[in-house]
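Hello,

Here is the structure we spoke about. Please look through it first; my notes follow below.

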Amino acid sequence: MSILITGANGYVGQELASALLSSSPDITVTLTDIVTPAVPAAAAAQNTSRVKCVQADLTSPKVVDEMFTESHRFDTVYLLHGIMSSGSEANFELGMRVNLDATRFILDRLRAVMPGVKVVFTSSLAVYGLAPAGFVIDETNFPPVPSSSYGSQKLIIETLLNDYSRRGFLDGRAVRLPTVTVRAGQPTQAASSFASDIIREPFNGKKAILPVSKETEMWICSPYTVVKNLLHAKDIPKEAFRESRSVNLPGLKVSIQEMLDALEEIGGKERRALVEEKYDADVDKIVQTWTPNFKTDRAIKLGFSEDVPMIENIRQYATFNFNQALRSRAALKSIQPVKRGFSSPVTLPSTTQSTTLSNGFTIATEYSPWAQTSTVGVWIDAGSRAETDKTNGTAHFLEHLAFKGTNKRSQHQLELEIENMGAHLNAYTSRENTVYYAKSFNNDVPKAVDILADILQNSKLEPGAIERERDVILREQEEVDKQFEEVVFDHLHATAYQNQPLGRTILGPKENIQTISRDNLVDYIKTNYTADRMVLVGAGGIPHEQLVRLAEEHFGSLPSKPPTSAALALTAEQKRTPEFIGSEVRLRDDTIPTAHIALAVEGVSWKDDDYFTALVAQAIVGNWDRAMGNSPYLGSKLSSLVEHHGLANSFMSFSTSYSDTGLWGIYLVSENLTALDDLTHFAMREWSRLCFNVTSAEVERAKAQLKASILLSLDGTTAVAEDIGRQIITTGRRLSPEDIERTIGQISEKDVMDFANRRIWDQDVAVSAFGSVEGLLDYNRIRADTTRNSL
């Protein structure tokens with residue numbers, strides 16, 4: 001899932017990006033702002049590879065056009081950019097350009113190139129003027145007549161978004177945010193900034209100015225609840241909004257005096273004394289137009305969360321602030337003894353411990369005694385590959401039902417338990433694996449393991465829940481079908497592994513989704529959720545011995561084999577090594593202005609000796625997008641050629657591995673429909689060049705990129721757990737980061753050419769093409785290019 005956030009350098013944007021990245025390993029986030037956004041601090045360690053940061057002036061239509069293209073579709077676009085209230089009032093022209101014109105440019109561009117895309121627009125309760133004293137506003141009883149330029153600009157965009165949604169141009173939802181308090185970071189231009197300043201600055205030992213009366217009442221919301229509600233906004237079915245896409249988000253009515261009292265209770269009198277009352281007529285004039293009384297029944301009905309009490313809000317901030325300081329000190333201490341150059345050996349090697357119970361259930365951990373949190377999860381050696389043609393889609397269906405209630409916990413109890421721990425619970429399905437994992441504080445790991453075991457062994461699979469999720473999955477399939485990259489790669493697997501388990505899609509065909517029954521789900525669990533095919537992984541502050549004890553308690557009674565010989569035979573058949581078939585599938589659709597083409601040869605498995613060599617060869621071919629400012633100067637020879645001749649919008653090389661096979665290839669996107677033959681020809685020519693003419697310089701560049709990509713992605717408990725689970729379930733052992741760095745470092749240009757000669761030269765090719773592909777070369781021409789030896 002691909003998500004873009006504008007205004008992503010702000011506090012809410014950074015917190016939202018962190019939450020999105022933590023919510024699913026399948027989410028990639030593009031962050032954009034007038035200055036290049038930072039990678040969120042909470043996500044920098046483990047999710048760097050899934051974050052793209054882009055500097056963009058959205059007031060330029062040209063920049064907007066280049067950012068939103070048909071070739072790269074976003075699933076959701078969050079519009080958080082804006083000139084805040086005081087800034088808009090002080091500089092009318094700037095407020096209009098940023099808040100109104102730039103947003104309109106984006107909406108018009110999206111409806112042109114991404115019709116139907118979800119757009120979450122952060123509006124404001126400033127769309128309302130001052131209501132009569134004591135009057136409680138909802139969405140229907142008081143007309144929005146703004147008393148500020150900021151509110152007017154927000155209301156205009158709301159109106160446009162509502163109309164665009166009515167017409168089907170976009171799927172918009174405008175969430176009117178209360179004043180977000182307590183914001184971390186620096187003061188902003190917002191008139192409401194003082195509401196955070198008077199709490200945040202004293203906790204940092206600094207003075208803060210209170211520009212309004214202590215009797216002033218405000219409608220506020222904690223950052224935690226705001227981000228949670230922004231996450232929820234993208235998941236609401238569009239039908240639920242009915243006639244209006246605007247909704248007033250839940251909040252809390254508090255007076256400034258109540259905020260100061262809470263500050264004193266949590267932080268003490270010395271921090272309260274740091275707040276200085278200094279009246280500012282300009283700020284007060286704006287604040288007095290904000291009504292503090294709101295009724296948010298509609299938001300609650302739509303599933304948005306209510307806010308925590310003010311005292312709890314400040315306590316959360318104080319705890320966050322304290323923990324940040326502790327982590328910073330611990331980080332500084334931990335790196336002082338370790339001094340290493342880029343290629344010097346690591347002096348503090350990581351250790352993965354592994355234990356197997358008597359029933360075949362495996363526990364694998366990497367213990368970090370300084371970590372305050374842990375990720376625990378169960379990796380299961382079963383995905384869509386473990387299905388039959390008739391049951392294809394069952395594994396993914398089960399993942400959707402995992403959190404809908406068990407024999408011990410209702411869905412509400414499950415959600416409440418996770419919420420009360422402050423934990424994250426998630427799951428995903430791939431072609432070969434199903435994964436359920438949780439991230440929590442170390443003290444809550446026993447609860448997290450209990451919940452995971454309960455989900456895996458005691459899910460109710462109620463008929464009502466099955467029918468509800470059936471509709472959700474069908475809608476999800478409709479969304480996937482709009483993502484051309486997903487369509488092309490699904491068809492690439494289908495043609496390369498024809499009539500074989502690995503050729504099936506993860507979601508399954510529509511007819512299967514409509515007919516999968518509870519019996520199919522139960523049979524899948526009994527056949528595949530066996531102890532010998534499961535690994536309980538722990539990473540972070542959970543000791544290995546403790547996790548082994550928890551595994552014995554919760555997973556010790558799992559059966560070690562399928563219940564019947566027929567199920568055992570089915571499992572063995574699905575594990576048979578697939579045959580790669582050189583073939584093609586073309587889905588011509590001239591209504592799509594671009595061609596999407598994937599070419600692949602048979603690649604390597606996870607445990608193949610050539611696994612890292614294949615990744616180095618992939619990095620030599622490289623990735624390219626014409627939106628890259630440095631595109632003519634990238635190290636990839638193919639990118640320079642493609643850019644110079646205008647052959648493509650983008651290309652992406654890939655090396656996808658499975659337990660016993662893989663796909664190595666390239667994905668091409670082009671709107672130059674008369675040059676598709678040249679594009680594929682030059683791509684294949686680059687492949688054949690790898691067989692006999694690879695330079696030391698490009699191998700070293702590719703190795704450096706690969707090391708950075710792999711090793712930097714392991715700096716977090718969830719990423720480490722993912723790495724342990726994947727390696728143990730596919731190969732039975734885990735290569736440490738030190739092993740990976742050493743293995744990659746030993747690869748030479750001769751190794752790359754040997755790999756290319758074995759895997760590319762005169763080998764069958766699988767081709768998947770979608771869109772305006774009339775100009776694509778005949779299959780035999782593409783196949784013949786695997787033996788081309790001219791430069």
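**What was found**

At 18% relative accessibility, Arg-783 counts as buried, where buried means under 20% relative accessible area, exposed over 50%, and partly exposed in between (1.4 Å probe, protein chains only).

A word on the basis. This is a predicted model, in which local features need pLDDT of at least 70 and side-chain atom pairs count only at pLDDT 80 or more, while totals for chains, interfaces and linings use all residues. Residues are numbered from 1 along each chain as its sequence is written, and side-chain values use heavy atoms, with hydrogens and water left out.

**Salt bridges**

Arg-783 has a partner. Asp-762 forms a salt bridge with Arg-783, with the closest N and O atoms 3.1 Å apart. A salt bridge here is a side-chain nitrogen of Lys or Arg within 4 Å of a carboxyl oxygen of Asp or Glu. The pair links distant parts of the chain, 21 residues apart. Asp-762 sits in the loop between helix H29 (749-759) and strand E24 (766-771), and Arg-783 in helix H30 (residues 779-784). Helices (H or I, at least four residues) and strands (E, at least two) are DSSP runs, numbered from the N terminus. Asp-762 counts as partly exposed, at 42% relative accessibility.

The whole structure holds 45 salt bridges. One of them joins the side chains of Asp-65 and Arg-109 (3.6 Å, N to O). That pair also links distant parts of the chain: Asp-65 is in helix H3 (residues 61-67) and Arg-109 in helix H5, 44 residues apart. Asp-65 is partly exposed, with a relative accessible area of 36%. Arg-109 is partly exposed at 22%.

Asp-171 and Arg-173 form another salt bridge, their closest N and O atoms being 3.0 Å apart. Both residues, Asp-171 and Arg-173, are buried.

**Helix H5 again**

Leu-100 lies in helix H5 (residues 92-113). Leu-100 counts as buried because its relative accessibility is 10%. Leu-100 and Thr-730 are 630 residues apart in sequence and 52 Å apart in space, C-alpha to C-alpha.

**Domains**

The domain assignment gives domain 1 (57-183 + 218-254 + 291-309), domain 2 (353-575) and domain 3 (584-786). Such bounds come from an automatic or database domain assignment. The C-alpha centres of domain 1 and domain 3 lie 40 Å apart.

**Helix H9**

Glu-264 lies in helix H9 (residues 256-267). At 30% relative accessibility, Glu-264 counts as partly exposed.

Best wishes
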